[in-house]
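Student: I would like to go through this model feature by feature. Could we begin with how to read aromatic pairs?

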Amino acid sequence: MDDGFDLDPQTLRKMLDSGERVFLLDCREPWEHGAARIEGAALIPMRDIPTSVERIPRDCPVVVFCHFGQRSLAVAMWMRAAGIQPRSLTRGTARGAADS
């Protein structure tokens with residue numbers, strides 16, 4: 001059952017390949033972002049999300065990702081409570097989400 005939070009890497013790849021405008025939000029720490037990243041993603045560490053919410057657009061899909069997927073799911077849940085409708089990228093960058 002789709003809970004509306006999870007987005008698999010293949011679906012994200014299709015969205016990006018089709019030219020759909022997607023806001024990619026990397027909620028990892030800067031040192032993690034430096035080691036591996038998805039091109040075009042905005043880096044807003046998890047701890048900074050509440051004070052940076054104005055940087056997140058409301059007019060396109062928002063996809064949150066992290067290393068394994070736990071932080072991005074927590075961020076997505078927080079954002080939903082704040083009135084934003086993001087998706088959390090399953091598998092994170094540790095399992096090749098950026099390359100799928």
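Tutor: Rings of Phe, Tyr and Trp, for Trp the six-membered one, form a pair if their centres lie within 6.5 Å. By this rule the count here comes to 0 aromatic pairs. Keep in mind that the model is predicted.

Student: Which charged end sits over the ring of Phe5, and how many Å from its centre?

Tutor: For Arg, the test is that CZ lies within 6 Å of the ring centre and within 35 degrees of the ring normal. Here the charged end of Arg80 sits over the Phe5 ring, at 4.3 Å from the centre.

Student: What pattern does the chain follow along the sequence?

Tutor: Reading along the sequence gives β-α-β-α-β-α-β-α-β. That pattern is built from 4 helices and 5 strands.

Student: How do I judge the overall dimensions: what radius of gyration does the chain have, and what would a compact globule have?

Tutor: With 100 residues, a compact globule would have a radius of gyration near 13 Å, and the chain, at 12 Å, agrees with that. Along its principal axes the C-alpha trace spans about 30 × 30 × 25 Å. Of the contacts with a separation of 6 or more, 63% are between residues 24 or more positions apart.

Student: What does the accessible surface come to, and what part of it belongs to carbon and sulfur atoms?

Tutor: The accessible surface of the chain comes to about 5500 Å², and 54% of this belongs to carbon and sulfur atoms. Counted by residue, 41% of the 100 residues are buried.

Student: Take Ser88 as a case. Is Ser88 buried or exposed?

Tutor: The cut-off for buried is under 20% relative accessible area. Ser88 has 2%, so Ser88 is buried. Ser88 belongs to strand S5, residues 87-89. Leaving aside neighbours within four places in sequence, the contacts of Ser88 include Phe5, Asp6 and Leu7, as well as Val64, Gly69 and Leu73.

Student: Where do Arg13 and Met15 lie, and which class of accessibility does Arg13 have?

Tutor: Arg13 lies in helix H1, residues 9-17, and Met15 lies in helix H1 as well. Arg13 has a relative accessible area of 30%, so Arg13 is partly exposed. Met15, with 13%, is buried. Beyond its neighbours within four places in sequence, Met15 is in contact with Leu7, Glu20, Val22 and Pro61.

Student: Is His33 buried or exposed?

Tutor: His33 counts as buried, because its relative accessibility is 13%. The residue is found in helix H2, residues 30-35.

Student: How many disulfides does a search of the whole structure find?

Tutor: A disulfide is a covalent bond between the sulfur atoms of two cysteines. The search finds 0 disulfides. Cys27 is in no disulfide, and its nearest cysteine sulfur, that of Cys66, is 4.8 Å away. The cut-off is 2.5 Å between the sulfur atoms. Cys27 is buried, with a relative accessible area of 0%, and Cys66 is buried too, with 1%.

Definitions and conventions:
Residues numbered from 1 in each chain as written. Predicted model: local features only at pLDDT ≥ 70, side-chain atom pairs only at ≥ 80, totals over all residues. Heavy atoms only, no water. Phe/Tyr/Trp six-rings, centres within 6.5 Å; stacked < 30°, edge-to-face > 60°. Helix = DSSP H or I, 4+ residues; strand = E, 2+ residues; numbered from the N terminus. Buried < 20%, exposed > 50% of the residue type's maximum accessible area, 1.4 Å probe, protein only. Contact = heavy atoms within 4.5 Å. Rg over C-alpha atoms; globule rule 2.2 N^0.38 Å. Areas by Shrake-Rupley, 256 points an atom, 1.4 Å probe, with all protein chains shown as cover.
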